[in-house]
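This briefing is an introduction for a reader who has not seen the structure before. Please look over the sequence and the model, then read the points below by topic.

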Amino acid sequence: MDAIIKKRINQVLKGDQNAYAEIVELYKDKVFQLCYRMLGNRHEAEDMAQEAFIRAYVNIASFNINLKFSTWLYRIATNLCIDRIRKKKPDFYLDAEVSGTDGLTMYSQIPSDTALPEEEVESMELQDIIQREISRLPEKYRSVIVLKYIEELSLNEISEILDMPLGTVKTRIHRGREALRQQLRNV
Amino acid sequence: MKCHEYEAYMHEYLDEEISTEHEKNLKQHLQQCVSCQKHFHELSKTITLVKGMATVTAPDDFTSKVMNKLPKEKKKVGIQR
């Protein structure tokens, strides 16, 4: 796989744009899934995943061919999703209405320590509940949980993707797991 | 050792980085402590739930949409001799 990718990247660098389509085909599902679980919305996930591939194409000359292409691509996609999450949630004025959410305030977007009420749990599909609870995680925990348990990447690779020391990745995974444990208690 | 210290062992275990000694201590403690047992069970269940989520795939026209949005290739300037 790596040999094929390297060959295609070299073709792209020589100006063969069509060679890039094969790279997109190989990674589109992984990148889309990463964005979908980060953002919890198909439409936004598609936008971000497309943007990640466009940015990777535009910057392909700066990619170090000796590194793993997927790590680099996942880094671009993760950063785009984190930016999107941050833009959606202003840091201040917790009681201000969040634009485009029809009356939701920042308070309603803060993950709570309490588990879901049981009657609410019963009326939702399990997948939707889990996705909703992942979406309620702060972005720094959400990214490590998605990379580890959805994309099934190693702690070392996650540390490379997030450009963060291994110790920090571990701490975030522990805290993310604890937060999700509290949230999914009644499920 | 206090219960919250065993919590750290639980995470070492879940990261598959626990030493034999810590694992032995954790197992012994879990046999005695109902609340840590529950905690550990909830953590394991959380992971099972997240890992068990259905795989999602990109829309069918994803690649063609990306290819259509790529910046056009730069034309070579000048005449090649």
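Which residues of α4(A) are buried? They are A:Phe69, A:Leu73, A:Tyr74, A:Ile76, A:Ala77, A:Thr78, A:Leu80, A:Cys81 and A:Arg84. The model is predicted. The points below go from the two chains to single helices, then to the contact between the chains and to selected residues.

**The two chains**

- Chain A holds nine helices and zero strands, and its pattern along the sequence is α-α-α-α-α-α-α-α-α.
- Of the 187 residues in chain A, 33% are buried.
- When contacts in chain A between residues at least 6 apart in sequence are taken, 60% of them join residues at least 24 apart.
- Chain B has four helices and zero strands, in the order α-α-α-α along the sequence.
- Of the 81 residues in chain B, 15% are buried.

**Helix α4 of chain A**

- Helix α4(A) covers residues 69–88, which is 20 residues.
- At 1.5 Å a residue this helix should span 28 Å, and its end C-alpha atoms are 29 Å apart, so the two values agree.
- An α-helix has 3.6 residues a turn, so residues three or four places apart point the same way.

- A:Ala56 belongs to helix α3 of chain A.
- This residue is in contact with A:Leu73 and A:Ile76, leaving aside its neighbours within four places in sequence; A:Leu73 and A:Ile76 are among the buried residues of α4(A).
- A:Ala56 has 24 other C-beta atoms within 10 Å; the cut-off for a buried residue is 20 or more, so A:Ala56 is buried.
- From A:Ala56 to A:Ala77 the C-alpha distance is 9.2 Å, and the two residues are 21 residues apart in sequence.

- An unreviewed UniProt entry lists residues 128–180 of chain A as "domain: RNA polymerase sigma factor 70 region 4 type".
- Over residues 128–180 chain A is 81% helix and 0% strand, with the end C-alpha atoms 14 Å apart.
- Helix α7 (residues 139–150) of chain A packs with α9(A) at an angle of about 95°, and the axes are 8 Å apart.
- Angles of 65 to 115 degrees count as roughly perpendicular, and α7(A) and α9(A) are therefore roughly perpendicular to each other.
- On the α7(A) side, the contact is made by A:Lys140, A:Tyr141, A:Val144, A:Ile145 and A:Lys148.
- On the α9(A) side, the contributors are A:Val169, A:Arg172, A:Ile173, A:Arg175, A:Gly176, A:Ala179 and A:Leu180.
- By class, this contact of α7(A) with α9(A) has seven nonpolar, one polar and four charged residues.

**Contact between chains A and B**

- The contact takes 32 residues from chain A and 26 residues from chain B.
- On the side of chain B that touches chain A, the elements giving two or more residues are α1 (3–14), α3 (34–51) and α4 (62–69) of chain B.
- Helix α3(B) gives the largest share of that side, seven residues.
- The residues of the chain B side comprise 15 nonpolar, five polar and six charged.

**Two residues of helix α9 of chain A**

- A:Lys170 lies in helix α9 of chain A and touches A:Leu155 and B:Asp15, not counting residues up to four places away in sequence.
- With 18 C-beta neighbours inside 10 Å, A:Lys170 counts as partly exposed.
- The C-alpha atoms of A:Lys170 and A:Leu155 are separated by 7.4 Å, and these residues are 15 residues apart along the chain.
- A:Gly167 is also in helix α9 (residues 166–183) of chain A, and it is exposed, with 10 other C-beta atoms within 10 Å.
- A:Gly167 and A:Glu51 are 116 residues apart along the chain, and their C-alpha atoms are separated by 30 Å.

**Positive phi in two loops**

- A:Asp163, in the loop between α8 and α9 of chain A, has a positive phi of about 55° although it is not a glycine.
- A:Asp163 is exposed, with 9 other C-beta atoms within 10 Å.
- B:Glu16, in the loop between α1 and α2 (20–32) of chain B, is not a glycine and has a positive phi of about 55°.
- B:Glu16 is exposed, with 7 other C-beta atoms within 10 Å.

Definitions and conventions:
Residues are numbered from 1 along each chain as its sequence is written. Chains are lettered from A and ligands numbered from 1 in the order in which they are written. This is a predicted model: local features need pLDDT of at least 70, side-chain atom pairs count only at pLDDT 80 or more; totals for chains, interfaces and linings use all residues. A residue is buried if 20 or more other C-beta atoms lie within 10 Å of its own, exposed if 12 or fewer, and partly exposed in between; C-beta atoms are placed from the backbone. UniProt positions are given in the numbering used here, feature names are shortened, and annotations may be inferred rather than shown by experiment. Two residues are in contact if their C-beta atoms, placed from the backbone, lie within 7 Å. Ala, Val, Leu, Ile, Met, Phe, Trp, Tyr, Cys and Pro count as nonpolar, Asp, Glu, Lys and Arg as charged, and the others, Gly among them, as polar. Axes are lines fitted to C-alpha atoms, for helices over the stretch in contact, and angles run from 0 to 180 degrees between N-to-C directions. Angles under 35 degrees count as roughly parallel, over 145 as roughly antiparallel, 65 to 115 as roughly perpendicular and the rest as oblique. The expected span of a helix is 1.5 Å times one less than its number of residues.
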